[in-house]
Amino acid sequence: MSEIITVAVPKGRLLTESSALFEKALGVSPARLLSGTRKLAATDRASGLRFLSIRAADVASYVEHGAADVGVCGLDVLREEPRDLYEPLDLGIGRCRMIVARPRRARPLPRGVAPRIATKYTRIATEHYARKSLPAEVIHLHGSIEVAPSLGLSDAIVDITETGATLEANGLVIEETVLEISARLVVNRVALKLHPERLRRLVAAMRAAVAAHRG
Ligand code: PRP
């Protein structure tokens, strides 16, 4: 058996969706392999793959530094914290949108006043307003972003929405879309040089599974 390839998969909803793709592509489900155990790494001898269960925000770090050869990572994370990674494939899962939202009944700000924007995604928000040449004061928060406007902490938010339920429940409406998001397969650049054939086959199998999944 050739060397084991290590794959970092995010915990949570992306684990279920990416497991279905890995199973279709390579005959092994990381969710099943990692279920019922507190162990955060499990190896499937038949496919020669070891899966790591990692927090979504950490997958890119593991892959960039070579602790994993391959990973599944949301475009939000990749654009907020740019990494030196190979991004060969849009997996088409974990779809959501990065948006600007503001209170339904907000009065327009006076001309020339920079809106205060609460967000976990400081870089994405700052670049968004810079691209539009609009002034904005970006306020970094770690979570519960949607409550910031009602408490007077910000005029608007930049955050992820999937169903829109959290925005709705907090009296916010979408003003514009900043970025369409989905999960990407990422590959360590050195690993690609060390195992070119295996990784090319892995990416090709995943590409075929994504195409079949899209129908
Ligand atoms: C995300 C996002 C919103 C919510 C939107 O939070 O920050 O709060 O999902 O989803 P919806 O449009 O379907 O209501 P997440 O659950 O990832 O947790 P977080 O609070 O850690 O950001």
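Predicted model: local features only at pLDDT ≥ 70, side-chain atom pairs only at ≥ 80, totals over all residues.
Residues are numbered from 1 along each chain as its sequence is written, and side-chain values use heavy atoms, with hydrogens and water left out.

**Exercise 1. Two domains**

Task: Find which residues form domain 1 and domain 2, and describe the area buried between them.

Solution: 
- Step 1. Domain 1 covers 5–94 + 182–214, and domain 2 covers 96–180. These bounds come from an automatic or database domain assignment.
- Step 2. The domain centres, taken over C-alpha atoms, are 31 Å apart.
- Step 3. Count the contacts (heavy atoms within 4.5 Å). Eight residues of domain 1 touch eleven residues of domain 2.
- Step 4. Take the buried area (accessible area, 1.4 Å probe, that two parts lose on being put together, summed over both). About 740 Å² is buried between domain 1 and domain 2, and carbon and sulfur atoms give 52% of that.
- Step 5. On the domain 1 side, D76, R79 and E80 lose the most area to domain 2. Together they make up 60% of what that side buries.

**Exercise 2. Salt bridges**

Task: Find how many salt bridges the structure holds, and how many cross the interface of domain 1 and domain 2.

Solution: 
- Step 1. Apply the rule: a side-chain nitrogen of Lys or Arg within 4 Å of a carboxyl oxygen of Asp or Glu.
- Step 2. The structure holds 14 such bridges.
- Step 3. One salt bridge crosses the interface of domain 1 and domain 2.
- Step 4. Look at R116 and D155, whose side chains form a salt bridge at 3.2 Å, N to O. R116 is in strand β7 (residues 116–119) and D155 is in the loop between β8 (137–140) and β9 (156–161), so this pair ties together parts 39 residues apart in sequence. Strands are DSSP runs (E, at least two residues), numbered from the N terminus.

**Exercise 3. The ligand**

Task: Which residues are around the ligand?

Solution: 
- Step 1. The residues found are K120, E146, D159, I160, T161, E162, T163, G164, A165 and T166.
- Step 2. Check K120: an N or O atom in its side chain is 2.4 Å from a ligand oxygen.
- Step 3. Check T163: a polar side-chain atom is 2.6 Å from a ligand oxygen.
- Step 4. Check A165: here a polar backbone atom is 3.5 Å from a ligand oxygen.

Terms used. Near = heavy atom within 4 Å. Polar contact = N/O pair within 3.5 Å; in protein donor to acceptor, adjacent residues only side chain to side chain. Helix = DSSP H or I, 4+ residues; strand = E, 2+ residues; numbered from the N terminus.
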